[in-house]
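Take a walk through this fold, strand by strand and then out to its charged pairs. Keep the structure in view as you read.

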Amino acid sequence: MPLAPTAQLVAEARAEGRGLGAFNVIAIEHAEAIVAGAEAAGSPVILQISENAVKFHHGRLTPIALASAAIAKDAGVPVALHLDHVESESLWRQAPALGFGSVMVDASKLPYDGNVAATAHAVEYLRSHGLYVESELGKVGGKEGEEPLGAHAPGARTDPDEALSYVEATGVDALAVAVGSSHAMTSRDAALDHDLIARIAAAVPVPLVLHGSSGVPDGELARAVAAGMVKINIGTALNIAFTGAVREHLAANPDVVDPRKYVKAGREAMAATVAHFLGVLGTPAA
């Protein structure tokens with residue numbers, strides 16, 4: 001089926017009171033696993049490629065984007081393609097021609113006024129090309145080797161009033177907010193501020209996005225969706241599943257040299273992880 005528009009999948013999830021899983025693609029096996037897991041769960045899904053993943057692919061977006069799009073188009077469930085955590089203007093300008101339905105423009109490292117200006121500039125271009133735009137306000141730590149932020153660290157939480165002003169000033173379609181999660185967590189013990197999620201959801205008119213969801217326990221994720229989170233970003237959990245399965249396979253089969261043997265085990269583990277998360281997110285909030 002054709003690539004699904006991100007805007008459509010987010011709007012449907014929001015209307016139905018459920019979360020929409022958005023999973024990070026690093027290699028082609030990630031895209032295959034995400035789609036397989038979504039098909040097993042019978043759920044729509046978003047494949048997202050980050051600027052860091054593009055750097056891994058020698059700075060070339062086109063090959064991994066076209067491969068992911070081809071896998072998405074062959075899926076038995078609706079799949080959208082999203083370009084994530086993009087700081088480079090030269091990169092987000094490539095998105096319309098490669099089938100992306102949305103871009104997360106990441107100017108969160110800039111001071112507030114700089115974030116607003118950079119994001120509004122990107123929104124003007126991307127919106128004119130029919131793309132849905134997400135951005136981030138607040139500080140979701142743990143990215144690119146950053147230390148995870150403590151729950152009460154300066155800048156660690158998004159202010160609801162500032163979030164409203166930011167959305168109005170930039171014109172973004174979705175907003176990633178800092179509510180207690182952190183990127184790249186390998187343990188699932190993050191405690192979210194559900195009252196803050198509810199207050200931000202009540203203050204801003206656009207859907208909310210939770211980054212760093214791999215470190216959030218199932219129950220916390222379900223509560224976050226009930227409080228107003230819609231798009232749920234998951235990446236590290238797939239890498240944990242993949243690496244664990246590969247290590248286990250190689251330990252049990254030390255003479256194996258064909259990468260298809262152990263990569264297949266990793267891909268299957270990622271697919272099972274995707275299906276699990278989509279099951280957690282897919283039940284409409286009471």
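Begin with two paired strands. Strand S7 (residues 208-210) and strand S8 run parallel, joined by 3 bridges. Within this pairing, Val209 faces Lys231 of S8. The model is a predicted one.

Now turn to the other partner of the strand. Strand S1 (residues 20-24) also pairs with S8, in parallel, through 4 bridges. Here Phe23 has Ile234 in S8 as its bridge partner. How many residues of strand S8 (residues 229-234) are buried? The count is 6 of 6, so S8 is mostly covered by the cut-off of under 20% relative accessible area. In a regular strand, side chains alternate between the two faces of the sheet.

Val177 belongs to strand S6 (residues 174-177). Is Val177 buried or exposed? Its relative accessibility is 0%, so Val177 counts as buried. Ser135 is 42 residues away from Val177 along the chain, yet their C-alpha atoms are separated by 8.8 Å.

Next come the charged pairs. The structure contains 9 salt bridges. One of them links Lys109 and Glu87, with 3.4 Å between the closest N and O atoms. What does this pair tie together? Lys109 sits in the loop between strand S4 (102-105) and helix H6 (112-128), while Glu87 sits in the loop between strand S3 (79-86) and helix H5 (89-92), so the contact ties together parts that are 22 residues apart in sequence. Glu87 is partly exposed, at 37% relative accessibility.

A second salt bridge joins the side chains of Glu89 and Arg93, at 2.8 Å from N to O. Glu89 has 31% relative accessibility and therefore counts as partly exposed. Arg93 is partly exposed too, with a relative accessible area of 35%.

Finally, look along helix H8 (residues 194-203), which holds both Asp195 and Arg199. The two residues are 4 apart, about one turn of the helix. They form a salt bridge, and their closest N and O atoms lie 3.1 Å apart. Arg199 has a relative accessible area of 42%, so this residue is partly exposed.

Methods:
Residues numbered from 1 in each chain as written. Predicted model: local features only at pLDDT ≥ 70, side-chain atom pairs only at ≥ 80, totals over all residues. Heavy atoms only, no water. Salt bridge = Lys/Arg side-chain N within 4 Å of Asp/Glu carboxyl O. Buried < 20%, exposed > 50% of the residue type's maximum accessible area, 1.4 Å probe, protein only. Pairing = 2+ DSSP bridges.
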